[in-house]
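Dear colleague,

Please find below the structure that I am handing over to you. My notes on what was found in it follow directly after.

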Amino acid sequence: MSPQRFRPDVEGLRALAIGIVLLAHAGVGFAGGGYVGVDVFFVISGFLITQLLVGELDRRGRVSLARFYARRVKRLMPQVLTVIAVVAAVSSVLLSPARADVVAADVMAAGGYVMNWRLSAGAVDYFAANQDRPLDHFWSLAVEEQFYLVWPLVLLAVTWRLRGRGGGGHRALAVALGAIAVASLLYAIQRVSAAPDQAYFSAPARAWELALGGLLALWLVDRRLGRRSASAAAWTGVAAIGAATVAFGDATPLPGPAALLPTLGAVALLAAGTSATPPRPTRALTLRPVRFVGGVSYAWYVWHWPALVFAAAAWGPLSTGEGVAVVLASFLPTVVTHRWIEEPLRRSKLHLRRTRATLAAAVVGPALAVGAGVALSASISSPPALAARDAEGAPQLARTHAIQRAAVALRPRPRDASADRGRPYFDGCLAGERATTSKPCVYGRRRARTTVVLFGDSHAMQYFPALQKIALRRHWRLVELTKGGCPPPRVRVLYTLSRREYTQCDAWREYALRRIERVEHPALVIAAASAHYAVVERGRHLDHEASARALADGYAPTLRRLRATVPHVAVLADAPRPPFDIPDCVSGAMRHLARCAFPRRAAVADAATVAAGAGRVPGVGVIDPTSRFCLPTLCPAVIGDVLVYRNSGHVSASYIETLAPGLSRRLPSLSARASGTPGWASGRSRAPRGS
């Protein structure tokens with residue numbers, strides 16, 4: 001392989017990639033798939049790094065791993081640490097304490113180049129908060145760094161016995177790289193089907209994109225495309241990347257087969273640039289302004305996303321025009337850090353003169369990032385945790401009929417809210433996405449003759465703390481049958497995380513009903529679920545309102561089946577749904593809690609629709625908890641010094657526990673287990689009101 005020469009068209013391709021990423025992140029409608037610019041970057045990185053390593057191997061017969069890694073550290077880490085330091089400082093001032101606490105952990109992950117692992121883990125957490133964070137985009141840098149760490153070792157392992165054989169070594173390397181690419185693509189296809197959000201951040205699922213660039217580098221050894229072939233390749237490449245940018249959206253499963261469109265487009269443009277007579281697209285990529293943008297693309301990429309997140313935190317959701325303006329404004333720190341940090345170090349020979357010192361920065365840099373994260377976390381003010389005996393909760397709302405204005409201590413604290421999920425979650429009683437059966441999960445008085453079953457999804461599970469107290473007091477055996485994202489109504493829904501038709505829910509629902517009928521023989525079944533699902537009918541995804549109506553209608557067959565064998569059946573209506581993340585709001589408004597209250601009407605509308613459908617089934621009691629959450633027009637975020645919600649959709653276990661007295665009054669006594677009379681305290685089924 002000839003010595004690596006500068007390719008101005010590659011610099012231009014970087015400009016194209018960063019351009020479509022910026023358009024997508026700014027919210028420009030026609031560029032909804034512009035995130036594929038990251039896929040293009042992966043191909044470019046695989047191409048250049050393979051070209052660099054194989055070129056050195058051919059020239060010198062070996063590769064200096066120390067110098068290679070030192071060069072990567074010198075090139076990438078200073079810019080990263082600068083952005084991380086700024087993000088940590090701004091987060092401590094601009095973001096709410098709860099949100100800044102999350103960013104503190106992100107700072108540590110980003111500095112250690114494992115942000116993709118952190119986001120991947122969060123992507124399969126059904127209860128993870130869905131908020132933009134200023135270092136989210138570092139996932140792609142982490143994938144590249146993991147590639148840089150592994151790929152030279154693979155290259156040496158494959159070629160160490162083939163040194164001096166010229167093309168033979170290249171062929172062996174191409175075979176190995178091809179095998180890696182195929183295995184990675186097959187893995188990506190599997191993971192995209194099973195857990196698309198997790199797959200998106202996965203280095204093994206992305207490896208094939210980098211390997212694609214590497215294979216191109218090997219194929220182009222001593223090859224050039226002719227004029228016509230280069231022209232066809234260039235125009236095809238532009239069309240492929242453009243089509244992906246315009247046609248792809250949030251639901252496009254990447255990095256599966258769909259990612260072949262932009263990545264092969266990048267391969268085509270890179271190949272076209274070898275022609276002695278560059279085609280028009282290649283010449284356009286070599287224009288000086290385009291090359292300048294490509295030269296600062298790394299810096300612009302790391303700066304633009306924090307700017308967008310902080311702007312939204314300061315001013316609220318950004319319009320497209322505002323998003324574009326913020327992205328353009330982020331060009332200022334881009335140019336400054338590129339000119340005064342990135343370029344001087346890139347051009348220096350530090351990795352040659354002080355290789356060990358440069359490599360030491362690979363340890364010092366992440367250590368500094370961890371220190372910044374620890375400092376940010378330590379600087380965050382947090383209210384003290386309130387003991388359970390001092391937390392009044394729901395009775396306060398009934399007693400005062402007013403919103404609590406301020407709090408000194410809370411249960412749970414906003415920064416601890418995510419973990420306030422109740423015992424069954426930690427016992428593994430919420431069946432996972434792929435599960436079609438459930439663990440035994442028996443609570444209350446386990447040897448009692450009277451069995452009560454809690455049946456539904458995670459919104460059913462959240463009522464467990466109150467039901468557990470009731471079961472212990474009334475000597476009930478309490479069985480929990482719950483599955484994440486799977487409601488009792490007989491409808492086909494999309495799973496929240498993977499956005500696919502949830503066939504396992506249908507299988508689990510049938511399992512749960514048979515277990516109720518044939519194994520548990522309960523005196524009472526309490527069904528509950530979220531009122532917010534995307535329903536699929538005959539392959540068509542229903543809109544929001546139609547989905548709520550379908551859920552309401554879907555309750556009838558399930559409830560009639562339960563009533564055929566269970567003396568008492570109740571539907572516990574969904575809690576009001578806040579329009580924002582409650583712990584995030586409360587953490588920054590401890591003295592002004594009314595700011596975090598939200599309108600009641602919209603918050604209960606879907607729950608009212610769904611519960612009304614359940615109430616049409618004879619003999620089924622519908623219990624409306626809204627009065628325990630809301631005043632006539634507003635729903636407080638804190639009631640009786642208890643944080644009501646642990647995110648933007650689930651009620652905290654601490655607050656649910658305070659509902660026990662009120663809920664107990666609404667449940668039948670179950671004194672006559674075999675009786676077919678519902679025996680509700682209210683004397684009849686009653687659906688909740690919508691406002």
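The link of C486 and C505 is right-handed, with 85 degrees about the S-S bond. Please keep in mind that this is a predicted model. In general terms, a disulfide is a covalent bond between the sulfur atoms of two cysteines. In this pair, the S to S distance of C486 and C505 is 2.1 Å. C486 is buried, because its relative accessible area of 0% is under 20%. C505 is likewise buried, with a relative accessible area of 0%.

The count of disulfides comes to four. When the bonded cysteines of the protein chain are numbered in sequence order, they pair as 1-2, 3-4, 5-6, 7-8.

Another of these disulfides joins C585 to C596, with an S to S distance of 2.1 Å. The link of C585 and C596 is left-handed, with -95 degrees about the S-S bond. C585 is found in helix α25 (residues 582-587) and C596 in the loop between α25 and β10 (598-599), so the pair connects parts that are 11 residues apart in sequence. C585 counts as partly exposed, at 22% relative accessibility, whereas C596 is buried, at 0%.

A further disulfide joins C630 to C635, with 1.9 Å from S to S. This link of C630 and C635 is right-handed, with 90 degrees about the S-S bond. C630 counts as buried at 5% relative accessibility, and C635 counts as buried at 1%.

I turn now to the packing of helices. Two packed helices are described by the angle between their axes and the distance between the axes.

Helix α6 (residues 138-159) packs against helix α9 (residues 203-219) at an angle of about 70 degrees, and their axes are 10 Å apart. That angle makes α6 roughly perpendicular to α9. W139, V143, Q146 and F147 of α6 make the contact with A203, R206 and L210 of α9. By class, this contact of α6 with α9 has five nonpolar, one polar and one charged residues.

Helix α9 also packs with helix α11 (residues 260-272), at an angle of about 20 degrees and with the axes 10 Å apart. Which relative direction do α9 and α11 take? They are roughly parallel to each other, because an angle under 35 degrees counts as such. The crossing of α9 and α11 is right-handed.

Yours sincerely

Notes: Residues numbered from 1 in each chain as written. Predicted model: local features only at pLDDT ≥ 70, side-chain atom pairs only at ≥ 80, totals over all residues. Heavy atoms only, no water. Axes fitted to C-alpha atoms, helices over the stretch in contact; angles between N-to-C directions. Helix = DSSP H or I, 4+ residues; strand = E, 2+ residues; numbered from the N terminus. Parallel < 35°, antiparallel > 145°, perpendicular 65-115°, else oblique. Contact = heavy atoms within 4.5 Å. Nonpolar A, V, L, I, M, F, W, Y, C, P; charged D, E, K, R; others polar. Left-handed = near helix turned anticlockwise from the far one by under 90°. Disulfide = S-S within 2.5 Å. Buried < 20%, exposed > 50% of the residue type's maximum accessible area, 1.4 Å probe, protein only.
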